[in-house]
There are 2 protein chains.
Amino acid sequence: MAKKPEGLLIVVSGPSGAGKGTICEILREKLPEMGYSVSVTTRAPRSGEKDGSSYFFKSTYEVKGMIRRDELLEYAEVYGNYYGTPKKYVLDQLREGRDVLIEIDIQGALQIKKRFPEGVFIFIVPPSLKELSARIYKRRTDSEEVIRKRLSSAAAELEYAAEYDYIIVNDVAEKAAGKVLTVLDAERYRVARTYFIIDEICHEKG
Amino acid sequence: MAKKPEGLLIVVSGPSGAGKGTICEILREKLPEMGYSVSVTTRAPRSGEKDGSSYFFKSTYEVKGMIRRDELLEYAEVYGNYYGTPKKYVLDQLREGRDVLIEIDIQGALQIKKRFPEGVFIFIVPPSLKELSARIYKRRTDSEEVIRKRLSSAAAELEYAAEYDYIIVNDVAEKAAGKVLTVLDAERYRVARTYFIIDEICHEKG
């Protein structure tokens, strides 16, 4: 029996305000069997965020310990706070053949790509910079200073799209999520994930 | 205004009897606006085949002239007959931004891949060797000798799947064609074809 491939690592990324959070919520709803990586962070919870669901909220001391013990797949300090992706959960799920979704900023996605170039890297973009700015202001969960920082880096961040496999414009979140689902469907037929079929056909018992 | 990408070159290939012909017929029906490359061949028409639709039926003298004038994107001699893909049609369509579908044997697909690595290379496989053999016999359009040759090369040909981008098992042609359509949908979001959007967003007029 030929070896079936590991689960698919799906990285949904893009600048703040592109709407990757909403898209990932829709994906989790449509693909409930899929694994979902929950990040650790040292930033304060926004209203409505639950520990273990939105993030694992940790102290700086705890996150630094995880970094020291190499327990994070990637980590970054962004606007004075640490963010990181716990390694064990992701690796375990993939090995068991389960797909794992990671919603992550651009810095983090690029770090993950170095370790997992075989993942599917999807870059979500806003339809326009104007719309991006409107979305960040509408969120109202960040301080004025953070908003200004996010806006000024967004345009520069867009250039990193070239490092990804796919670019999906998020005009309407439901539609954009549908496009991500199409990409995931197609990725299941990729030769790296389907070549075992050839072995099975060639070694079948007549 | 950023430059939009060329049309997509779609290469549907696989061993004889895999059913690529039926799948391509369905694709042409579903995507009538897509260009469809018609090959030249020196083999005799099978019953029902029309010149200019199934193939351009040519003399060996004519095809050798096309080869000499570098008018073929690829060509091969298979079981004593020449097959080739006229270059001009394909290049013109792609430049105009129109997708082009090429249905082709494995030898031909690999030659095209050398010139167009950015094409989408899809390998169609039968669900089993038993089924492949049944299909080739059922066709009854080839001589017994040709059938035996095709069967003995089919298993060896399957190994070339590794050179392709996607593998799609053809159990039911309608379903397999649906999977090809999913792949084509997803390919439209590939970064090489969508990066112009980033340029548009970054250079938009406020």
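User: In which sense do β5(B) and β6(B) pair, and over how many bridges?

Analyst: This is a predicted model, and the pairing is taken from its coordinates. In general, strands of a sheet pair through backbone hydrogen bonds, either parallel or antiparallel. β5(B) and β6(B) form a hairpin with 2 residues between them. Their pairing is antiparallel, over 6 bridges.

User: Which residue in the turn of that hairpin has a positive phi?

Analyst: The hairpin is formed by β5(B) and β6(B), with 2 residues between the strands. Within the paired part, L72(B) has P86(B) of β6(B) as its bridge partner. In the turn, a positive phi of about 50° belongs to Y79(B).

User: How many of the 7 residues of β5(B) are buried?

Analyst: Buried means under 20% relative accessible area. β5(B) is largely enclosed by the rest of the structure, because the buried residues number 5 of the 7.

User: Which strands stand at the edges of the open sheet of chain B?

Analyst: The sheet has 4 strands in the order β4-β3-β6-β5, with mixed pairing. An edge strand here has a single partner strand, so one side of it is left without a neighbour in the sheet. In chain B the strands at the edges are β4 (56–57) and β5 (72–78).

User: What stands opposite V40(B) in β4(B)?

Analyst: Strand β3 of chain B covers residues 40–41 and pairs with β4(B) in the parallel sense over 2 bridges. The residue of β4(B) opposite V40(B) is F56(B).

User: At about what angle to β6(B) does helix α3 of chain B run?

Analyst: Helix α3 of chain B spans residues 87–95. This helix lies across β5 and β6 (81–86) of chain B. Its angle to β6(B) is about 25°.

User: What is the order of the strands in the open sheet of chain A?

Analyst: This sheet has 4 strands and mixed pairing. β4 (56–57) and β5 (72–78) of chain A each have a single partner strand, so they stand at the edges. The order is β4-β3-β6-β5.

User: Which residue of β6(A) stands opposite V40(A)?

Analyst: Strand β3 of chain A, residues 40–41, pairs with β6 of chain A, residues 81–86. The pairing is antiparallel, over 2 bridges. Opposite V40(A) stands G84(A).

User: What angle does the direction of helix α4 of chain A make with that of β5(A)?

Analyst: Helix α3 of chain A, residues 87–95, lies across β5 and β6 of chain A and runs at about 25° to β6(A). Helix α4 of chain A, residues 106–115, packs on the sheet and touches β5 and β6 of chain A. The angle between the directions of α4 and β5(A) is about 155°.

User: Is T41(A) buried or exposed?

Analyst: T41(A) is found in strand β3 of chain A, and touches residues including Y55(A), F56(A), Y82(A) and Y83(A). A polar atom of its side chain lies 3.0 Å from the backbone nitrogen of R43(A). Because the relative accessibility of T41(A) is 0%, this residue counts as buried.

User: Which residue of chain B does Y164(A) touch?

Analyst: Y164(A) is found in the loop between α6 (144–158) and β9 (166–169) of chain A. Its relative accessible area is 3%, so Y164(A) is buried. Among the residues of chain A that it touches are S13(A), I106(A), L110(A) and F123(A). From chain B, the residue touched is V191(B).

User: How many Å apart in space are Y164(A) and I104(A)?

Analyst: The two residues are 60 residues apart in sequence. Taken from C-alpha to C-alpha, their distance is 13 Å.

User: Which side chain does a polar contact of 3.3 Å join to that of E187(B)?

Analyst: E187(B) belongs to helix α7 (residues 173–187) of chain B, and its relative accessible area of 8% makes it buried. Its contacts include L8(B), V120(B), Y166(B) and R193(B). The polar contact of 3.3 Å joins it to the side chain of R190(A).

User: How many disulfides are found over all chains?

Analyst: C24(A) counts as buried, at 0% relative accessibility, and C24(B) counts as buried at 1%. A disulfide would need a pair of cysteine sulfur atoms within 2.5 Å. The search of the whole structure gives a count of 0.

User: What ipTM and pTM does the model score?

Analyst: For chain A, the average pLDDT is 90, and 96% of the residues score at least 70. For the model, the scores are ipTM 0.85 and pTM 0.87.

Key:
Residues are numbered from 1 along each chain as its sequence is written. Chains are lettered from A and ligands numbered from 1 in the order in which they are written. This is a predicted model: local features need pLDDT of at least 70, side-chain atom pairs count only at pLDDT 80 or more; totals for chains, interfaces and linings use all residues. Side-chain values use heavy atoms; hydrogens and water are left out. pLDDT is the predictor's confidence in each residue, from 0 to 100. Buried means under 20% relative accessible area, exposed over 50%, partly exposed in between (1.4 Å probe, protein chains only). A polar contact is a pair of N or O atoms within 3.5 Å; within protein, one must be able to donate a hydrogen and the other to accept it, and residues adjacent in sequence count only if both atoms are side-chain atoms. Contact means heavy atoms within 4.5 Å. Two strands pair if DSSP finds at least two bridges between them. Axes are lines fitted to C-alpha atoms, for helices over the stretch in contact, and angles run from 0 to 180 degrees between N-to-C directions. Lists of a residue's contacts leave out its neighbours within four places in sequence.
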